[in-house]
Structure formats: C-alpha cells, structure tokens
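Please keep the sequence and the structure in view while reading.

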Amino acid sequence: MTDTSKTDAAPSPKTIYLSDYKKPDYQLDSVELRFELHETRTRVYSTLAFRRAPEADRHAPLKLDGSQLELRALKIEGEALQQDSYVLNDEMLIIEQVPECFELEIETQINPQANTALEGLYLSSGMFCTQCEAEGFRRITYFPDRPDVMSRYTVTVIAEKKKYPILLSNGNRLDAGDLDDGRHWVKWQDPSLKPSYLFALVAGDLACQEDSFTTMNGREVRLQLFTEAENIHKCDHALISLKQAMKWDEDTYGREYDLDIYMVVAVNDFNMGAMENKGLNIFNASCVLASPETATDQDYYRIQSIIAHEYFHNWSGNRVTCRDWFQLSLKEGFTVFRDQEFSADLNSRAVQRIDDVNVLRAHQFAEDAGPMAHPVRPDHYIEISNFYTVTVYNKGAEVVRMLCNILGREGFRRGTDLYFSRHDGQAVTTDDFVRAMEDANDIELKQFRNWYSQAGTPELTVSETYDDDVQQYALTIRQHCPLTPGQAEKKPFHIPLAMGLLDKKGKALPLVLENEHDANAQDSRMLALTEAEQCWTFTGVPEKPVLSLGRGFTAPVKFSLPHDDAALAFLFAHDTDEFNRWDAGQKLAITIMLKLIDDYRADRTLQLDTLFIQAYRSTLNNTALDRALVAQALTLPSESYLADQCEVVDVEAIHAVREFMRRQLAEALAEDWLRGYEENNLQRVYHFNAKDMAQRSLKNLCLSYLMELDNQDHRQRCLRQFEQANNMTDVLAALSILSQHDIPERRQVLDAFYEKWQHDRQVVEKWFAIQAASSLPNTLEQVQALMQHPAFSIKNPNLVRSLIGRFCAANPVNFHQADGSGYRFLAQQVLVLDEINPQIAARLLQNLSRWRRFDEMRQRMMREQLERIAGHTGLSKDVYEITSRSLEG
C-alpha cells in the first residue's frame with residue numbers, strides 16, 4: 001500500500017474540526033494481539049470483540065484506520081470476508097455490514113525496518129519498539145485508532161530468542177515459553193482500559209536494572225529499567241527519580257500506582273522525549289540515562305522531570321484520558337504543571353519558575369504571535385503531530401496553574417480528587433476538568449474557559465496614581481489580546497495576578513483595599529482581572545510605593561508597567577518575591593539593550609549605563625541570595641527573546657549589542673567574576689543536589705564572562721577546567737565557552753572531547769550541539785561538514801535536533817545570514833527529512849514560520865524557501881500544514 005502520510009499537491013489534505021466530533025459507532029470489549037516479529041516481515045494477528053454503541057445507527061458501517069499495511073486475512077465470526085464485502089483504501093478499511101456484536105479477526109504484515117517515520121512498530125539499534133501516540137497504532141493493524149475507544153488488551157509477542165531475549169508489553173506478564181524453532185513467546189495482559197495510543201511493545205537484547213517501591217497502602221511494585229548493556233551503569237538516577245515521583249504523587253495528590261510492575265525502556269531513535277504507555281514507558285535514551293562523567297546538571301534535572309512527567313500520566317492521561325486530540329492539553333498541560341511542581345518541591349522553586357517562564361516567553365509567546373498561533377484547545381488541524389506544541393503543553397500548564405491560584409491549594413486538590421474519581425477509566429474533555437473544579441469548590445468559571453478557546457498572549461497596560469493627602473494608591477489595569485489567525489474578536493480573560501507594594505527601603509507594605517478592614521492585611525494578594533479595564537484602590541499607604549505585579553508569574557501575560565530604569569533597578573535589588581526580583585533585572589536589561597540597538601543602528605557610540613553595571617555587581621556579591629538565582633539573574637536575555645521585543649528584527653544589531661554588553665560587564669566586574677569563580681570552584685565528588693548545582697551554575701557563568709577578556713590566565717583557567725573537571729557539567733561548560741572563541745585551542749579541545757567520548761551516543765549529541773551553536777562566522781560550513789561525519793545520521797532524530805535543529809533555532813546570527821544561506825540550508829534539509837521522518841521535518845520548518853518579523857530582504861528570502869517547499873510534489877501532511885499556514889498567516 002502507499003504511504004498515507006504523503007499527499008500530492010492537489011487536492012489539499014483534509015482539515016479535521018473539533019465541531020465535527022462524533023462518538024464512535026462501535027466500542028471494543030476486548031483486544032487480543034499476537035505479534036510474530038521479523039525485521040522486514042512482522043505478522044500481526046488481531047482479534048477484536050466489537051459491539052455497536054446504543055446510540056449508533058444500526059446500519060452504521062465499521063470504519064477502521066490503517067496505514068502502510070498489507071492485509072492478509074479478514075474474518076468475522078470465523079468466516080473469511082470476500083473482497084466485495086469491504087472497501088480498502090490508503091487510510092481506511094470499511095466493512096459496510098456487520099452484526100450488532102461480533103468478533104473480527106485481522107492478519108496484517110508490516111516492515112519495521114523500513115519505518116523511518118518512527119511511528120507504529122519500528123527498529124531502533126537492533127531493537128523492536130513502538131510509538132503509537134498520536135496515530136501510530138494504525139501502522140500496526142486496522143483499528144479504530146482514536147483515544148475515545150478504550151479496551152483491555154492481551155498481547156502475545158513471539159520472536160527469535162537469541163536475538164530478542166527480552167519481550168515486553170503493557171500490563172502484567174501472564175505466561176511465557178519456548179517454541180521448537182528457536183523462537184520464544186511472552187504473554188502480557190493489561191487489566192486497565194486504555195486507548196490504542198497507549199499500546200507499547202519492546203523486543204531486544206537488553207540489560208535490566210531493578211528496584212522496588214512500596215505504595216502508601218503497602219503494595220510492593222517492581223521497578224525495571226531496560227537499556228543496552230553498556231549503559232546499565234547510567235540507570236541509578238532515573239530509578240531514584242521514579243521513586244521520588246511515586247512518593248510525591250501519593251503525598252500531593254493521593255494517587256497510588258495500580259499495577260504490579262512499572263517498566264522503562266531507553267531507546268536511541270525516538271521522535272519525542274518519552275511516552276507514558278501504561279506500565280511500559282518508552283524513553284528517548286537522552287532523557288533517561290545519566291552518570292556524572294557523561295551527563296550535565298541540566299541532564300540530571302531534565303531526567304528527573306521527564307521521569308516524573310511520564311509517571312504522573314498514569315493518572316493524568318492514562319486512567320483519565322482525552323476524548324479526542326483537540327483535548328490534548330487535558331493530559332499534557334495538567335501533567336506539565338504536575339512535573340513543574342514536583343521539580344520545584346525537590347529543588348529550587350524560584351529557579352524552576354524562572355526556567356518555566358523562560359520557555360514560555362522564548363517559545364510560546366512567539367508561537368502566539370505567529371501564523372501557527374492556536375488555542376490551548378485547538379479547534380482544527382490537518383496533522384495532529386503539529387500540535388504537540390509549547391501552547392498545548394506549557395501554556396496549558398499555566399492555565400492549570402491559574403486554576404490552582406484562583407482556587408488555592410486546598411480547593412485545587414478538592415477539584416483534582418473529584419476529577420479523578422468522577423472520570424476514572426473515561427475519555428473526557430477540558431470542560432470536564434474545569435467542571436470538576438467548579439463542582440468541588442462551588443464556583444463558576446465560565447469566563448475562565450476563554451483560556452482554552454482563545455489563542456494569543458494577553459497584554460496588560462498598567463497605570464498608577466498615588467494621593468499623598470489621603471494615603472491612597474490606585475492601580476488600573478487594561479487587558480487586550482492581539483488578533484490571531486481565525487480569531488478576529490477576543491473576549492476578556494479571567495486573569496489572576498499576585499501583587500505587592502514596597503516602600504522606599506524595600507519593605508513590603510500591608511495591602512488593604514477600600515472598604516476592607518486591615519486586621520488581616522497581607523503584604524501580597526491575588527487580584528482577579530476579569531474586565532477589559534479594572535481599578536483597585538489601596539488605603540493606608542504611607543508613601544508612594546513601588547509596584548511588584550505578577551509575582552511568581554501567576555498568569556501567562558505581557559506587562560506594560562509604569563516603571564523607569566531606577567524602579568526596575570530598585571526591584572532587582574529589593575523585591576521580596578524571588579521571581580519578580582529576577583524579572584525586574586531582565587526587564588531592565590531589555591530596556592537598556594533596546595536603547596543600545598537604536599544607538600547601533602544610528603551608528604552612535606555604545607555606552608553601558610553604570611546603573612546596570614552596579615546592579616549586576618550588587619547581585620553578584622550578595623551572599624544572602626541563592627547562588628542559582630544569582631546565576632539566572634546575571635544571564636542576559638537571549639538574542640531570540642530580545643528579537644521578540646523588536647518591531648522589526650535586526651539580527652546583526654541584536655547580536656552586536658548583546659556581545660557588547662557581555663564584554664562591558666566582563667571588564668567592569670573582572671575582579672568580581674574572578675572571585676565568584678574561585679569561591680564556587682569547589683573540588684569534590686559530584687552530587688546532584690540544589691546547592692551543588694547552584695554553585696556550578698554560578699561558577700560557570702563567571703567563567704564565561706572572564707573568557708570575554710583577552711587574558712591568557714583566564715584562557716588557561718578554562719582549559720584546566722576542561723581537562724581536570726570530574727563531571728560533565730564543568731567539562732561541557734568549559735568546552736562550550738572555548739567553542740565560542742576563535743582561538744587555537746578551540747579545535748584541539750573539540751577533537752580531544754570527541755576522541756574521548758566517541759563511543760557514547762548521548763555525549764556525541766552534545767558535541768554536535770556545541771559546534772552548531774557557535775556564533776563564529778563559518779558555523780554553517782562547519783554544520784554542513786559535520787553532516788558528513790561518520791557519527792551523524794539524518795535518520796536519528798536526536799542527531800538532527802543536536803546539529804541541524806540547534807543551528808537553526810539557537811544560532812540566530814548565523815542562521816539569519818544576510819545572504820540567505822541558512823534559509824536555503826534549512827529548506828533543503830526539510831525536503832530531505834520529509835521523505836524520512838515528516839514529524840521532525842515539520843518541527844524544523846517552524847524556524848521559517850515567523851518570516852514577517854524580519855527586514856524586507858530577509859522576508860523575501862525566507863518566503864522564497866517556504867514557496868520552494870510548498871511547490872514540492874508529495875509533501876507530507878505535517879510539512880504541508882506548517883508551510884501553508886506560514887505563507888497564509
């Protein structure tokens with residue numbers, strides 16, 4: 001059969017609409033699958049027990065999804081169907097007449113080795129594995145491949161025992177045995193109802209590390225992590241993180257694990273980070289394997305978070321799943337919020353919040369402002385894989401966080417308890433989630449639902465007045481949401497805003513509104529902005545205060561604040577809310593950088609305000625602050641985020657100004673940076689904990705500033721760290737810094753690093769990424785040369801992301817070269833990848849989607865490459881959708 005993910009130029013691929021949702025005509029009572037695994041000729045035997053839904057038309061045909069399958073047999077109640085009794089096309093098997101209840105037997109053949117899209121059943125480094133979310137199961141057998149069809153699965157896996165001694169699937173292992181021909185079999189049964197996207201299968205020659213966890217009700221759960229034998233020493237951190245997540249979910253949400261076994265498998269070829277298949281999580285190896293000598297602090301942190309995320313899905317995604325893919329944020333937004341809170345509780349809450357907001361501002365705000373803007377609950381799509389986005393995940397998490405802020409921790413817990421008990425074993429919607437919050441707290445949240453249905457980032461304009469005579473402070477906030485594709489009108493959002501007021505010494509003032517008693521006055525409170533414009537008047541304010549608004553970033557909005565540079569510097573030094581303290585420093589930096597960009601474009605001499613230098617010095621030398629927070633505070637806004645603050649993006653000016661500021665700060669604070677480096681350069685055994693991570697992050701930031709100085713001592717200091725550090729965090733930091741400088745040692749350390757780590761896949765990915773992110777002028781040529789390196793494969797998503805993706809997304813000065821070579825390079829790789837892995841191609845292509853933000857010359861060149869792609873025959877639905885929306889947007 002033909003590849004149904006491919007389409008000719010005409011007709012255009014079909015658009016799927018939320019408004020067209022219809023309940024399935026047939027439900028599945030049980031699913032029995034038998035896999036006879038072979039690299040190129042896997043046979044799949046499925047036995048499906050169907051019954052017609054009570055509300056369905058009794059003449060409704062049975063429609064089953066299928067893609068790239070060879071149909072070998074088809075029976076109903078044991079009788080073979082003749083070809084004239086069904087319709088078979090590239091996307092579906094339709095049986096016109098079926099009984100009310102019946103057993104359907106299907107035999108299909110598939111070729112896992114040829115499956116480079118990595119959806120369905122495929123081979124990765126000699127191992128069989130699956131990825132069925134969102135619509136991969138239809139590449140295994142004909143099936144009602146939609147999340148609202150839930151059933152219980154019994155799976156038998158058969159394979160050659162010598163090559164594939166480990167055979168895994170969802171649920172609990174029932175039986176196993178050997179066959180006479182050298183094959184063996186294992187039978188698995190999942191007692192839980194699940195949709196097809198949660199099906200999983202793994203077969204390979206794998207080592208296993210085991211542990212156990214005792215639940216709050218005394219049940220012992222067996223924990224197993226499978227990986228290639230040479231990586232078995234990298235499993236400890238993931239298993240520790242898993243047990244931490246299981247305990248946290250019991251303590252925080254009262255959720256207990258329900259099976260006897262929990263398995264995790266590390267896979268080298270994977271489109272996503274990980275997949276929460278019931279009882280058998282499949283992980284991108286980079287998101288689960290870690291040891292101090294091969295993984296950085298950021299790797300450890302990310303693994304802890306992702307392990308928790310996939311485990312938390314057991315309830316928020318598996319036990320209660322989404323009715324249709326428009327509801328994707330029901331499971332992903334909620335679970336991202338859960339994993340963010342888990343990480344905050346185990347590490348630094350302020351730094352976790354800063355990390356969350358950095359992702360949101362750098363990526364989701366940009367998505368909201370571009371042609372791919374869509375609501376947290378989209379209302380249409382062509383290819384659902386294109387909507388696994390920062391809007392659905394990260395903005396979706398912010399929507400859940402706002403509910404928690406509105407209801408309070410106890411009220412939110414009441415809501416989640418009701419949600420889980422009411423909908424256990426069901427496929428539901430975001431409305432069902434919000435309704436549970438309403439019912440558990442006797443509150444009405446009709447307006448709040450606008451967050452799910454409206455795209456765009458609300459913009460808040462803030463004004464203030466102070467009346468010294470009556471000691472009153474008036475705060476006025478106006479909300480406005482810019483237009484987004486397909487949404488010409490916007491309704492006001494329900495926006496929770498935490499705020500405080502500080503006196504001139506930085507002391508928090510009690511907050512008492514008009515007509516309130518001040519007996520229980522707090523120095524921080526939550527405002528509810530529900531109108532287009534609202535005003536709050538605070539009484540008993542003895543002097544004109546400094547406003548601290550949006551504390552903890554309680555809503556995903558943009559602020560236009562009445563603060564000058566002095567007020568921002570004051571908040572940077574004194575705000576009692578750690579997030580807002582950091583944020584004030586970022587706002588101050590952006591204000592100064594935008595002025596310098598204007599100076600650069602006008603060919604005026606650049607000068608860095610001493611106010612900013614002094615603010616940095618004070619923060620660096622403030623020993624009372626968390627070292628991790630200091631490192632975050634002293635990191636300048638990225639070039640990409642700064643570009644989003646510009647009306648027209650001037651790539652060269654942004655890069656030049658940021659580099660100028662780094663050099664000025666390096667020179668002005670040279671002694672401070674050196675002292676910061678030496679004080680935090682503690683030689684001890686590596687441990688992953690908040691205190692040590694904080695010291696390493698600040699030390700390496702100081703080193704990066706010192707290397708801006710043309711000083712041989714600092715260069716040697718960096719080389720010593722590269723050569724002598726006992727952990728990958730410090731080694732990679734030194735290597736990354738050296739790679740940004742055109743010095744003789746640069747090539748030497750890059751070659752030495754590869755020579756040492758060439759046999760470790762995850763470390764080699766880091767090596768590619770460091771070179772792709774270099775701002776040196778010849779980086780594109782280096783990237784093209786590295787694509788010919790024997791360690792690179794364009795079929796491996798991690799390597800594509802590390803080299804091509806890193807260059808296009810994290811190296812703006814080189815990607816946006818004035819000659820357009822970066823755009824031509826990306827377009828060519830998208831066309832090549834679209835034939836191999838459309839999901840990865842479409843994700844790369846989004847780097848061209850916001851072409852209208854740039855100068856006319858770059859607009860023309862980016863549009864030319866989009867049109868080049870659009871004119872290519874046989875585009876995947878994935879790439880077609882991104883291209884067409886980018887050109888139309």
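How many bridges join strand β2 to strand β3, and do the two run parallel or antiparallel? Strand β2 (residues 26-36) and strand β3 (residues 42-52) are joined by 10 bridges and run antiparallel. As with everything below, this is read from a predicted model.

The link from β2 to β3 is a hairpin of five residues. Within this pairing, E32 stands opposite T47 in β3. β2 also pairs with strand β12 (residues 151-160), here in the parallel sense and through six bridges. R34 has T156 as its bridge partner in β12.

These strands belong to an open sheet of eight, in the order β6-β5-β9-β3-β2-β12-β15-β14, and the pairing is mixed. The edges are held by β6 (79-80) and β14 (172-178); each has a single partner strand, so one side of each is left without a neighbour in the sheet. At the β6 end, strand β5 (residues 70-76) pairs with β6 in the antiparallel sense over two bridges. I76 has E79 of β6 as its bridge partner.

**Other strand pairings**

Strand β25 (residues 459-467) and strand β26 (residues 472-480) run antiparallel and are joined by nine bridges. Their hairpin has four residues between the strands, and Q471 takes a positive phi near 55° there. β26 pairs in the antiparallel sense with strand β29 (residues 533-539) as well, over seven bridges. Y473 of β26 is the bridge partner of Y466, and the partner of Y473 in β29 is F538.

An open sheet of three strands has the order β28-β27-β30, with antiparallel pairing. Its edge strands are β28 (525-529) and β30 (546-549), each of which pairs on one side only. On average, neighbouring strands of this sheet are turned by 35° against each other, direction ignored. Strand β27 (residues 495-502) is joined to β28 by five bridges, and the two run antiparallel. I495 has L529 as its bridge partner in β28. Helix α8 (residues 565-574) lies across β27 and β30, and runs at about 65° to β30.

The table lists pairings described above.

| Strand pair | Direction | Bridges |
|---|---|---|
| β2 and β3 | antiparallel | 10 bridges |
| β2 and β12 | parallel | six bridges |
| β5 and β6 | antiparallel | two bridges |
| β25 and β26 | antiparallel | nine bridges |
| β26 and β29 | antiparallel | seven bridges |
| β27 and β28 | antiparallel | five bridges |

In soluble globular proteins, nonpolar side chains tend to be buried together. Here the largest nonpolar core has 162 residues, and those with the most contacts inside it are F35, L104, F199, F412, F433 and L497. Helix α5 (residues 390-423) supplies the largest share of this core, 11 residues. Apart from this core lies another, of 121 residues, which includes I592, Y705, L799 and V800.

What does F35 touch, leaving aside its neighbours within four places in sequence? Its contacts are R43, V44, L121, I140, V155, T156, V157, I158, F199 and L201.

**A buried glutamate**

E341 is placed in helix α3 (residues 328-346). Is E341 buried or exposed? With a relative accessibility of 4%, E341 counts as buried, because the cut-off for buried is under 20%. Beyond its neighbours within four places in sequence, E341 is in contact with W248, R349, R401 and R409. L445 lies 104 residues from E341 along the chain, and their C-alpha atoms are separated by 23 Å.

**The chain as a whole**

The secondary structure of the protein chain comes to 26 helices and 31 strands. Its C-alpha trace spans about 90 × 70 × 60 Å along the principal axes. Why does a radius of gyration of 28 Å agree with a compact globule? The chain has 889 residues, and a compact globule with that number would have a radius near 29 Å, which the 28 Å value agrees with.

Buried residues make up 61% of the 889. Of the contacts between residues at least 6 apart in sequence, 72% join residues at least 24 apart. The chain exposes about 34,800 Å², of which carbon and sulfur atoms supply 46%.

Conventions
Residues are numbered from 1 along each chain as its sequence is written. This is a predicted model: local features need pLDDT of at least 70, side-chain atom pairs count only at pLDDT 80 or more; totals for chains, interfaces and linings use all residues. Side-chain values use heavy atoms; hydrogens and water are left out. A nonpolar core is a set of buried Ala, Val, Leu, Ile, Met, Phe, Trp, Tyr and Cys residues joined through side-chain atoms within 4.5 Å. Buried means under 20% relative accessible area, exposed over 50%, partly exposed in between (1.4 Å probe, protein chains only). Contact means heavy atoms within 4.5 Å. Two strands pair if DSSP finds at least two bridges between them. Axes are lines fitted to C-alpha atoms, for helices over the stretch in contact, and angles run from 0 to 180 degrees between N-to-C directions. The radius of gyration is taken over C-alpha atoms; the globule rule is 2.2 Å times the number of residues to the power 0.38. Accessible areas come from the Shrake-Rupley method with a 1.4 Å probe; for residues, only the protein chains shown count as cover.
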